[in-house]
Amino acid sequence: MLKKVMLASCLFVAAACSTVPITGRRQLSLVSDTEINALAVQQYQEVLSTSKLSSNSTQVALVRRVGQRIQQAVETYFRSQNQQAQLAGYAWEFNVIEDKQENAWCMPGGKVAVYTGILPITQDENGLAVVMAHEIAHAVAKHGSERMSQGLLQSYGGQALSAALAAKPEGTQQLALQAFGVGSSVGLLKYGRNQESEADHLGLIFMAMAGYNPDGAIAFWQRMDARENQASPPEFLSTHPSNGTRIADIQRELPEARKYYKAR
């Protein structure tokens with residue numbers, strides 16, 4: 001009986017898999033695009049309603065210009081692969097939140113937020129493209145859906161999202177924020193680092209396709225490294241790769257990204 005249960009579980013997990021673009025990595029997918037995008041819209045509006053949106057027209061225009069260029073690059077890539085259906089249901093939004101946090105994120109369906117605290121570190125349009133391409137890569141690689149699926153498996157035994165929302169709406173919504181990169185989850189530390197590295201890889205290619213120099217990623221992460229507290233936790237306790245690891249990985253991936261780069 002135990003063998004049958006284990007076999008059924010393995011078949012279930014194998015069937016509930018999708019593939020990440022560019023890297024080809026297989027990932028767990030228990031949540032449909034329609035479900036995750038609808039949940040993202042709800043969570044995005046809640047975040048915006050409780051945040052102070054920037055009234056700085058220059059900052060807002062910059063973020064939206066960079067976002068739209070990367071959006072176009074992503075859409076061009078998926079069309080070239082005859083996979084435009086992967087972006088079905090996307091309704092892109094780019095907003096700037098007035099907050100000292102050095103942060104940005106992109107929810108499924110193209111819901112992007114950039115915090116003003118990170119703009120001094122990005123310094124210029126190319127630096128901002130590093131950040132936004134990375135965050136958009138999380139969305140198009142379906143990392144939010146993957147983390148949500150993992151959370152549902154851990155917390156609700158693989159229960160369907162609709163059932164989990166009905167049974168424990170607050171807990172499921174908090175799980176969504178963590179899955180979308182707005183929160184953190186200790187249970188997904190290793191998972192998060194793998195996804196961060198994958199988003200770096202995809203982000204380099206998307207920013208290059210958008211006409212931004214991918215070499216700028218090295219300088220951006222060096223600036224981040226210089227700002228971070230020396231008492232930061234060791235890499236194995238962090239949801240992100242260490243900046244040293246990240247920079248070394250990016251240096252290895254730059255030759256591939258440069259093939260897509262044409263300055264505008």
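Guide: A cavity is a set of grid points where a 1.4 Å probe fits but cannot get out. This predicted model holds 2 cavities of 30 Å³ or more.

Visitor: What volume does the largest cavity have, and which residues line the space?

Guide: The volume of the largest cavity is about 70 Å³. Its lining includes Asp33, Asn37, Gln86, Tyr90 and Lys142. Helix α2 (residues 33–49) gives the largest share, 3 residues. By class, the lining has 4 nonpolar, 4 polar and 2 charged residues.

Visitor: Where is Gln123, and how do you know whether Gln123 is buried or exposed?

Guide: Gln123 lies in the loop between α4 (119–122) and α5 (125–140). Exposed means over 50%. Gln123 has 56% relative accessibility and therefore counts as exposed. Gln123 also has a positive phi, about 70°, without being a glycine.

Visitor: What lines the second largest cavity, and which helix gives the largest share?

Guide: Its volume is about 50 Å³. Among its lining residues are Val130, His134, Asp200, Met207 and Trp221. Helix α9 gives the largest share, 5 residues. The lining divides into 7 nonpolar, 2 polar and 1 charged residues.

Visitor: Trp221 is in that lining. What makes the charge of Arg246 sit over the ring of Trp221?

Guide: The rule asks for CZ of Arg within 6 Å of the ring centre and within 35 degrees of the ring normal. The charged end of Arg246 is 3.9 Å from the centre of the Trp221 ring and sits over that ring. Arg69 does likewise with Tyr212: its charged end sits over the ring, 4.0 Å from the centre.

Visitor: How many aromatic pairs are there, and what kind do Tyr77 and Phe78 form?

Guide: The count comes to 6 aromatic pairs. Tyr77 and Phe78 have ring centres 5.5 Å apart and 85° between the planes. Centres must lie within 6.5 Å, and planes over 60 degrees apart count as edge-to-face. The pair of Tyr77 and Phe78 is therefore edge-to-face.

Visitor: Why is the pair of Trp92 and Phe94 called stacked?

Guide: Their centres lie 6.0 Å apart and their planes stand at 15°. Trp92 and Phe94 are both buried.

Visitor: Why do Tyr77 and Phe78 count as buried?

Guide: Tyr77 has 10% relative accessibility, and Phe78 has 1%. Both values are under 20%, so both residues are buried. Ring pairs link Tyr77, Phe78 and Phe206 into a cluster.

Visitor: What surrounds the second largest pocket?

Guide: The second largest pocket has 13 lining residues, with Thr19, Val20, Pro21, Gln83 and Gln86 nearest its centre. β1 (17–19) and α3 (57–80) are the elements that each give two or more residues. The volume is about 150 Å³. Its lining holds 7 nonpolar, 5 polar and 1 charged residues.

Terms used: Residues numbered from 1 in each chain as written. Predicted model: local features only at pLDDT ≥ 70, side-chain atom pairs only at ≥ 80, totals over all residues. Heavy atoms only, no water. Helix = DSSP H or I, 4+ residues; strand = E, 2+ residues; numbered from the N terminus. Buried < 20%, exposed > 50% of the residue type's maximum accessible area, 1.4 Å probe, protein only. Phe/Tyr/Trp six-rings, centres within 6.5 Å; stacked < 30°, edge-to-face > 60°. 1 Å grid on protein atoms, 1.4 Å probe; cavity = no way out; pocket = protein on both sides within 12 Å on 5 of 7 lines; lining within 4 Å. Points joined across faces, edges and corners; volume = space filled by probe spheres on them. Nonpolar A, V, L, I, M, F, W, Y, C, P; charged D, E, K, R; others polar.
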